2 protein chains.
Amino acid sequence: MKVTINEIAKRAGVSKATVSRVLNNSKPVSEEIKKRVLAVIEDTNFKPNAVARSLSLKKSHLIGIIIPDLSNPVFSRIIAGIESYIRNLDYSLLITATDFDIEMKIQHIHILKDKGVDGLILVTDHGNSEFYEAMLAFGKPIVMVGSDSFAESIPFVRIDNYKASCEATQYLIDLGHEKIGMIRGPLTDPQSGKERFEGYRDTLVKAGLYEENLIAEGWYSFDDGYHGMEMLLSKSQRVTAVFCACDLMAVGAIKYASEQGLKVPLDLSVIGFDDVEIARMYSPSITTVKQPFEENGRIAIETLVQMIEEAEDLAPFHQQILKHQLVVRESTIIRKSEE
Amino acid sequence: MKVTINEIAKRAGVSKATVSRVLNNSKPVSEEIKKRVLAVIEDTNFKPNAVARSLSLKKSHLIGIIIPDLSNPVFSRIIAGIESYIRNLDYSLLITATDFDIEMKIQHIHILKDKGVDGLILVTDHGNSEFYEAMLAFGKPIVMVGSDSFAESIPFVRIDNYKASCEATQYLIDLGHEKIGMIRGPLTDPQSGKERFEGYRDTLVKAGLYEENLIAEGWYSFDDGYHGMEMLLSKSQRVTAVFCACDLMAVGAIKYASEQGLKVPLDLSVIGFDDVEIARMYSPSITTVKQPFEENGRIAIETLVQMIEEAEDLAPFHQQILKHQLVVRESTIIRKSEE
DNA sequence: TTGAAAGCGCTAACAC
DNA sequence: GTGTTAGCGCTTTCAA
């Protein structure tokens with residue numbers, strides 16, 4: 001019962017070429033015929049077959065998204081931003097997750113290419129040279145959210161993690177803290193790991209407060225924050241403030257500290273990063289650096305669609321840095337005076 | 001440039017039918033020719049065009065997902081479950097969000113249909129009759145996650161919300177509580193709203209403890225929990241325990257109670273629902289009903305793929321109820337004896 | 001303005 | 001076992 005363009009043509013007594021023309025407004029069609037065709041389309045409830053159209057046009061109106069983990073708000077909120085923008089254009093999103101596996105990421109690029117997507121958004125953690133080659137071989141527009149040192153020649157949108165970390169660290173210094181620890185991400189992660197750490201380090205160095213043994217490392221989880229804090233508190237030099245590379249680690253850190261009888265923020269100030277929901281909801285609510293996740297997504301997809309539609313081969317190098325914002329809440333406070 | 005099956009055929013000195021055969025193993029091909037074709041495929045790095053194949057096969061290997069909100073873990077974890085299963089089969093996911101808007105949900109069903117998806121998974125809040133009609137008109141396999149009173153004739157997978165709520169409520173009774181409040185969802189929401197409330201109500205009625213004025217209502221957010229608790233505490237009859245329809249409301253409830261000087265669980269026991277990440281991480285960690293989100297997704301997609309591949313028209317009515325689990329944590333405790 | 005026909009890249013009868 | 005051919009449903013020259 002699938003009604004096709006042929007069926008419409010027959011019923012309206014015209015050729016399918018004409019039907020196609022009224023469908024796409026691609027060429028002038030006389031008012032009368034147009035009306036007739038439209039009427040038939042209306043009451044057969046005809047919808048052109050998108051697959052056939054894709055084949056003919058060599059354009060699928062599909063956009064591929066590759067993301068490390070769908071269930072983590074840090075990523076899924078970016079997708080949400082993309083989705084709510086694209087919803088009104090007639091593109092659809094083909095979404096795949098990689099579980100942070102580079103091989104899988106590369107494989108997905110190929111799969112999505114074969115599926116004929118018109119463009120790609122990569123929400124990235126980090127890549128390698130093989131990954132980079134896969135991107136180049138993709139042959140159609142790509143935009144990255146978050147960027148990657150391997151791929152700085154690909155258009156991207158992200159925040160300035162370095163600067164944000166400087167500000168967060170400086171904020172702790174301004175509160176009078178001197179022993180300021182960090183629970184960082186892995187340095188192999190260029191953005192959330194390396195840049196956030198370097199902002200912290202450089203700021204402390206400039207203030208003459210940097211100490212190498214006030215640093216713990218983890219992979220952005222609650223448990224990593226928990227154990228990171230455990231490690232920091234085991235040092236003889238007691239920290240009075242901690243900067244965490246993400247909110248989840250901040251939560252873990254606070255949890256551990258609380259269990260050890262330390263009051264946050266009275267005995268220990270803690271800053272997170274990202275401003276995911278939990279930062280606002282936690283008790284104490286957590287001071288953090290707010291990332292505009294949804295906006296990241298929106299700008300990325302906007303850029304991508306533009307590249308697709310205007311066929312800007314080798315698009316002029318787009319790099320867009322969005323604004324972050326330090327959100328002060330209950331988990332940070334002026335350092336207790338010693339007595 | 002783009003290498004096609006014709007190109008392969010020419011280079012290998014065979015017909016494209018033969019190439020197609022070795023590509024799909026659809027018919028026997030002599031070893032020698034097969035080897036030759038494979039070699040050409042190999043060194044041209046040929047990948048068959050998925051769109052053309054779809055058109056010919058009338059099968060897109062695309063599966064549509066309609067979900068209320070991508071950034072909410074309650075939904076995105078279901079997607080994650082779907083995605084990690086489907087990744088190994090050669091289907092792809094076309095995901096759209098509705099922001100809980102029924103019109104949009106209906107519209108998405110049509111769009112996805114036009115895009116030629118082979119099946120649909122609906123992660124639903126609730127629908128109406130028009131929505132139900134759209135599903136019937138879809139004409140290809142559909143599976144719902146969470147089900148809906150309007151659509152009980154569509155295969156679904158979910159937990160037994162009613163039973164789970166009974167257990168949670170009974171647990172509070174067993175702890176000695178008598179004034180047990182609830183912050184429920186809207187009753188128009190058949191699963192998380194209505195069923196969870198009814199489980200609570202019936203269990204209390206049976207125990208002779210039900211009181212209508214111990215109930216607040218909200219839309220599953222932190223703020224709703226916060227205000228719900230505010231409302232409950234404003235009653236003269238002081239509750240000693242509260243069952244919340246989701247974890248976020250439980251967090252809001254605890255936050256408000258804490259701000260009023262009540263200790264959780266000492267002065268007030270709180271139970272949530274869902275077991276999202278925050279329930280484990282919060283201080284106090286929250287007793288809750290664990291939903292197997294990822295498994296919900298996995299079973300749903302498994303069922304759907306089966307329906308697609310085995311072409312079970314009007315599939316024998318599948319309804320699958322998965323197991324929930326009460327997870328006891330720090331937010332609940334035996335009722336303080338009065339003195 | 002409109003129609004006929006070729007073609008997008010692939011699969012699947014149908015012959016040989 | 002292999003090739004020829006006719007589609008799948010749509011767009012787009014090219015003529016008329």
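**Group meeting: a predicted protein–DNA model**

Let me begin with one residue, Leu38(B), which sits in helix 3 of chain B, residues 31-44. Helices here are DSSP runs of H or I with at least four residues, strands are runs of E with at least two, and both are numbered from the N terminus. Leu38(B) is partly exposed, at 42% relative accessible area. The cut-offs are under 20% for buried and over 50% for exposed, with partly exposed in between, using a 1.4 Å probe and protein chains only. Leu38(B) is 30 residues from Ile8(B) in sequence, and their C-alpha atoms are 9.3 Å apart.

Some conventions. This is a predicted model, in which local features need pLDDT of at least 70 and side-chain atom pairs count only at pLDDT 80 or more, while totals for chains, interfaces and linings use all residues. Residues are numbered from 1 along each chain as its sequence is written, chains are lettered from A and ligands numbered from 1 in the order in which they are written, and side-chain values use heavy atoms, with hydrogens and water left out.

Now chain A as a whole. Chain A has 13 helices and twelve strands. Its radius of gyration is 26 Å, whereas a compact globule of 339 residues would come out near 20 Å. That radius is taken over C-alpha atoms, and the globule rule is 2.2 Å times the number of residues to the power 0.38. Along the principal axes, the C-alpha atoms of chain A fill a box of roughly 95 × 40 × 30 Å. Of the 339 residues in chain A, 56% are buried. Chain A exposes about 14,900 Å², and 51% of that comes from carbon and sulfur atoms. The areas are from the Shrake-Rupley method with a 1.4 Å probe; for residues, only the protein chains shown count as cover. As for contacts, meaning heavy atoms within 4.5 Å, take those in chain A between residues at least 6 apart in sequence: 70% of them join residues at least 24 apart.

Thr288(A) is in strand 10, residues 288-290. Is Thr288(A) buried or exposed? Thr288(A) is buried, with a relative accessible area of 0%. Its side chain makes a polar contact of 2.6 Å with the side chain of Asp247(A). A polar contact is a pair of N or O atoms within 3.5 Å; within protein, one must be able to donate a hydrogen and the other to accept it, and residues adjacent in sequence count only if both atoms are side-chain atoms. Not counting residues up to four places away in sequence, Thr288(A) touches residues including Ile271(A), Phe273(A), Leu326(A) and Arg329(A).

The second residue is Ser92(A), in strand 2, residues 92-97. Ser92(A) also counts as buried, at 5% relative accessibility. Leaving aside neighbours within four places in sequence, Ser92(A) is in contact with His61(A), Leu62(A) and Ile63(A), and with Leu94(B) and Lys115(B) from chain B.

DNA strand C is surrounded by 26 residues, the closest being Thr18(A), Arg21(A), Ser30(A), Ile5(B) and Lys16(B). A residue is near a strand if one of its heavy atoms lies within 4 Å of it. Sugar or phosphate makes up 69% of the atoms of DNA strand C within 4 Å of the protein, and bases make up the rest. Ser30(A) has a side-chain N or O atom 2.6 Å from a phosphate oxygen of DNA strand C. For Asn24(B), the corresponding distance to a phosphate oxygen is 3.1 Å. Lys16(B) instead places a polar side-chain atom 2.5 Å from a base nitrogen of DNA strand C. The elements giving two or more residues to this surface are helix 2 (16-24) and helix 4 (50-57) of chain A and helix 2 (16-24) and helix 4 (50-57) of chain B. Which element gives the most to the surface near DNA strand C? Helix 2 of chain B does, with five residues.

Last, strand D. DNA strand D is surrounded by 27 residues, the closest being Ile5(A), Lys16(A), Thr18(B), Arg21(B) and Ser30(B). Sugar and phosphate account for 67% of the atoms of DNA strand D that come within 4 Å of the protein. A side-chain N or O atom of Thr18(B) is 2.6 Å from a phosphate oxygen of DNA strand D. Ser56(A) has such an atom 2.8 Å from a sugar or linking oxygen of DNA strand D, and Arg21(A) has one 3.5 Å from a base oxygen. Helix 2 of chain A supplies the largest share of the surface near DNA strand D, five residues.
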